[in-house]
Amino acid sequence: VFDNACGGRVVCGSWHDRVSGFKIYSESRRNWLWRLLEALDAEALPVTGDDDQPLLCQCRRAADGALLVEAVNLCYDSLEGLHLRLSRVPDAAQVMAPNGTWRPVAFTKTTSPGVWRLDVTLDMMQVAVVRLTLGKMGR
């Protein structure tokens, strides 16, 4: 985990090309990776996508400290509920409407540590822009 010259947070990893994709992307390996990253720096990645289907998730911090998250569903299947792994407990969540205004969106804690489900549906290649106000550190 390191910061690049532009101020972005970068995580690098590698694997042998003869290891099957099933072993690389298995749930136990994914959970091991989360524990490793959290042990290095619990706030290294303030938000990451935590869905089983392919999801592009980018994050920037707004001037007021809120997190702006762009999530793109890269799968042919609809995504019912956006699951985000957060380093802090969310106080509020909003999603950008098509007209550019913000509307509140419901969110609930899941049984996975640090994972919250936002009431957002994404069809194939659909984009959601979410604004998160985060509170205390914790999972």
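This is a predicted model: local features need pLDDT of at least 70, side-chain atom pairs count only at pLDDT 80 or more; totals for chains, interfaces and linings use all residues.
Modeller: Residues are numbered from 1 along each chain as its sequence is written, and side-chain values use heavy atoms, with hydrogens and water left out.

Biologist: How many salt bridges does the structure hold?

Modeller: The structure holds 3 salt bridges.

Biologist: Why is the contact between Asp64 and Arg131 called a salt bridge?

Modeller: The term requires a side-chain nitrogen of Lys or Arg within 4 Å of a carboxyl oxygen of Asp or Glu. The N to O distance for Asp64 and Arg131 is 2.2 Å, so the pair qualifies.

Biologist: Which parts of the chain does this pair link?

Modeller: Asp64 lies in the loop between β4 and β5 (67–73), and Arg131 in strand β11 (residues 127–137), 67 residues apart. Strands are DSSP runs (E, at least two residues), numbered from the N terminus.

Biologist: Why is Asp64 called exposed?

Modeller: Buried means under 20% relative accessible area, exposed over 50%, and partly exposed in between (1.4 Å probe, protein chains only). Asp64 has a relative accessible area of 55%, and is therefore exposed.

Biologist: What makes Arg131 buried?

Modeller: Its relative accessible area is 19%, so Arg131 counts as buried.

Biologist: Why are Arg117 and Asp119 called partly exposed?

Modeller: Arg117 has a relative accessible area of 28% and Asp119 one of 47%; both are therefore partly exposed. Their side chains meet in a salt bridge at 4.0 Å, N to O.

Key
Helices (H or I, at least four residues) and strands (E, at least two) are DSSP runs, numbered from the N terminus.
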